[in-house]
Amino acid sequence: DVALEVPHHDFEKVLDAQKHKRKVKNDTDLDASDLRAVIEGYLKAVKKHTGADFPTDPRAQLRAAIDAVLRSWNNDRCVKYRQLNDIRGLKGTAVNVQSMVYGNMGITSGIGVCFTRNPADGENRFYGEYLMNAQGEDVVAGIRTPQPISDLEKNDAHSYHQLLDVRGRLEQHYKDMQDIEFTIQEGKLYILQTRNGKRTVFSWLRTCVEMVEEGLIDEKTAVKRMPAGEFNKLFAPILDSEDIKKRSIKPLTRGLNASPGGACGQIVFHSAEAEKLVKEKKKKVLLVRIETSPEDIGGMAVAQGILTARGGMTSHAAVVARGMGCPCVAGASDLQIDYAKKTLTVGGQKFKEGEQIAIDGFTGDVYGAAVSVKPSEIVQVLSGDLTEDKSLLARHYNKYMAMVDRLRRLKVRTNSDTPKDTDMAVAFGAEGIGLCRTEHMFFDLPGQKPGRVLAVREMILAETEKDRRKALAKLLPMQRGDFVGIFKALAGRPATIRLIDPPLHEFLPQKDNPKGQRAVARELKIPVAKVAAKVEELHEFNPMLGFRGCRLTVIYPEILEMQVRAIIEAAIQVIAAGGAAEPEIMIPLIGHVREYEICRQQAVAVIEEVFTKKGRRIPYKLGTMIEVPRAAVTAGAIAKAAEFFSFGTNDLTQMTCGFSRDDSGRFLPRYVELGIYDYEPFAVLDQEGVGRLIRMAVEEGRAARPDLKIGICGEHGGDPKTVGFCHKVGFDYVSCSPYRVPVARLAAAQAAL
Ligand code: PEP
Ligand code: MG
């Protein structure tokens with residue numbers, strides 16, 4: 001298979017045919033004459049594929065094995081590694097030839113893989129599996145489903161107890177969960193290797209928290225170890241147990257709980273088909289395989305979940321699914337899968353491709369029906385739908401986040417425009433709002449009194465300042481109400497509220513929507529030609545570089561006036577009622593300090609007027625986004641006038657790199673493949689380019705105003721690598737969407753360490 005590159009499948013076919021002929025289930029049930037027949041079949045397969053006889057000279061076999069190792073180095077990563085070694089003077093590579101011990105020398109021999117704790121959920125219980133009279137490959141390839149390690153005591157008590165002793169010693173030594181491979185050759189235990197065990201994020205969480213409690217590691221180690229890129233999987237959905245109970249859905253069978261999470265989707269047996277259904281038809285699929293191999297990777301990546309009939313916790317399906325954070329049930333041996341007929345049979349029930357099933361990666365249960373999927377236990381506890389005492393996971397999570405918060409300096413805020421999102425973000429640990437995009441409030445949301453977008457349209461279509469003000473007056477109470485809701489949800493935490501940003505055409509039905517234009521005309525009682533003419537007038541070739549952000553409020557100051565009035569009146573209302581509010585008014589798309597000064601003067605005038613009218617003053621801040629390169633390079637001048645900077649790295653990336661935020665998907669993935677950029681620059685900050693501008697702006701800004709408050713509110717604010725950068729450069733906070741707040745807190749602590 002490896003050395004001669006004969007497809008693995010061809011060998012399996014021979015073995016399966018012989019088992020079928022003898023009507024036996026396991027290869028160990030074959031006798032010597034069967035094995036002779038199998039070997040003949042194998043030899044034929046080799047001859048067919050290589051055109052030569054199987055090499056019987058040991059030197060030729062060794063040579064072929066060495067060549068295979070070197071060949072496996074021929075992928076990109078290894079080429080890079082080799083070049084690196086060449087640069088360091090470590091020319092060449094070595095192949096170790098090592099004597100082996102054998103697990104397939106009869107019934108007193110065996111092999112196994114074990115984890116000192118559970119790699120799926122982290123429970124501190126010896127975990128693993130073994131096979132007597134077998135080779136390591138038999139476990140990994142999922143050809144035979146192995147037995148749980150605790151059964152080894154019955155087969156070979158001595159080796160089992162020795163193994164338990166090794167388990168304890170290795171954990172104490174490495175201070176981490178170990179993944180150990182062993183062989184028993186004729187009753188003697190050999191440890192082949194040990195390494196830090198790969199595990200799910202659930203297992204990371206539990207092992208980290210419990211190891212701190214056991215005194216094995218300190219809090220810093222526990223925080224440093226967590227793979228930040230995986231952290232969000234803690235919030236992955238689970239199967240709705242209420243739904244299962246209510247409809248009395250019984251599990252069809254149970255396999256191994258190889259990778260956590262609940263998944264539901266239509267059965268697909270082949271990876272290529274899975275990819276097609278997901279990409280072209282937007283279906284949710286569950287990949288069902290006898291076992292998986294590396295060529296299934298594409299299908300595994302798009303599937304909601306993976307179900308296999310063969311293989312253990314260390315089989316390909318289990319390992320890859322855990323790595324992807326994809327729910328997986330492996331080795332559900334009752335499943336009979338017929339690839340040719342595209343059917344799955346279990347417990348007398350037959351399912352065809354396309355039918356719905358569900359799997360529970362926490363328990364290993366498989367359900368022959370669609371089951372609804374609901375938020376993770378942590379999300380339920382944080383949103384108050386479940387009490388903490390009902391969830392061990394949530395208790396571990398809260399303990400862990402307390403450690404994280406003890407270690408970080410950077411604050412974490414959220415991007416949110418509604419009280420509901422704000423509540424969730426605060427539950428996730430947000431310490432304020434870093435970006436409230438007020439224009440999102442210009443649209444009618446379900447459950448709200450309609451009329452907002454109509455008032456906005458009326459304002460846009462108005463021909464005189466007077467008419468514009470009339471329309472804006474309709475918006476004022478709605479915006480004020482929105483801000484009251486936000487301030488209340490924040491309970492005194494600061495809120496950076498940004499004034500209108502997008503180009504106005506985004507609020508009108510475009511040319512391709514004449515029906516929508518007619519509706520607007522009807523509602524506003526104006527001729528449709530007027531709407532069409534306005535759309536034409538607002539059309540821009542580069543709207544993202546056009547009439548938007550502060551440019552709108554410089555030209556139409558009445559928009560700014562209404563928004564600022566709404567913010568300050570709302571804050572005063574909340575404070576007057578005994579609450580707290582900390583408004584920070586943010587002007588977007590500043591490129592020139594004079595733009596900022598004009599907007600600031602207008603804002604201050606309105607604020608003073610409100611203070612006078614209400615007879616009370618409240619603290620507030622006025623600041624700007626830094627998202628135009630010109631603003632970054634003239635940050636010193638801007639900081640003299642602005643109390644805070646918030647880096648809008650979406651626009652700053654767009655304008656620095658010259659990539660359209662909306663269209664660059666056509667080539668950027670390829671750019672990353674080619675290594676032009678290490679990461680997609682709209683997801684992970686380009687530190688070398690955009691980051692350079694940010695550093696400059698921070699330095700100049702702080703030189704001009706030492707207490708300048710600095711944050712980030714572009715999408716990058718929730719990316720762990722970018723959070724690390726922000727810490728280093730001396731930001732006060734990062735801001736990201738509610739669900740990314742926990743990972744940003746973790747990344748901030750890791751950066752501080
Ligand atoms: C930004 O540009 O990074 C930003 C946060 O603003 P928006 O995405 O709304 O343009
Ligand atoms: Mg922007």
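Ligand 1 in this predicted model is surrounded by 14 residues (a residue counts if one of its heavy atoms lies within 4 Å of the molecule). The closest of these are Arg437, Gly648, Asn650, Asp651 and Arg661. By residue type, the shell around ligand 1 comprises three nonpolar, four polar and seven charged residues, where Asp, Glu, Lys and Arg count as charged, Ala, Val, Leu, Ile, Met, Phe, Trp, Tyr, Cys and Pro as nonpolar, and the others, Gly among them, as polar.

Polar contacts (pairs of N or O atoms within 3.5 Å) include one between the side chain of Arg437 and an oxygen atom of ligand 1, at 2.8 Å. A polar side-chain atom of Arg661 likewise lies 2.8 Å from a ligand oxygen atom, while a polar backbone atom of Asn650 is 2.7 Å from an oxygen atom of ligand 1. The protein buries 95% of the 290 Å² that ligand 1 exposes when taken alone (Shrake-Rupley method, 1.4 Å probe). Two or more shell residues come from each of β20 (433–437) and α26 (649–657), and α26 gives the most, with three residues. Helices (H or I, at least four residues) and strands (E, at least two) are DSSP runs, numbered from the N terminus.

Helix packing was examined for two pairs. Helices α1 (residues 8–22) and α2 (residues 32–50) pack with axes 9 Å apart, at an angle of about 150°; axes are lines fitted to C-alpha atoms over the stretch in contact, and angles run from 0 to 180 degrees between N-to-C directions. The angle therefore makes α1 roughly antiparallel to α2 (over 145 degrees). The crossing of α1 past α2 is right-handed, that is, the near helix is turned clockwise from the far one by less than a right angle.

Residues are numbered from 1 along each chain as its sequence is written, and chains are lettered from A and ligands numbered from 1 in the order in which they are written. Local features need pLDDT of at least 70 and side-chain atom pairs pLDDT 80 or more, whereas totals for chains, interfaces and linings use all residues; side-chain values use heavy atoms, with hydrogens and water left out.

Conventions
A polar contact is a pair of N or O atoms within 3.5 Å; within protein, one must be able to donate a hydrogen and the other to accept it, and residues adjacent in sequence count only if both atoms are side-chain atoms. Angles under 35 degrees count as roughly parallel, over 145 as roughly antiparallel, 65 to 115 as roughly perpendicular and the rest as oblique.
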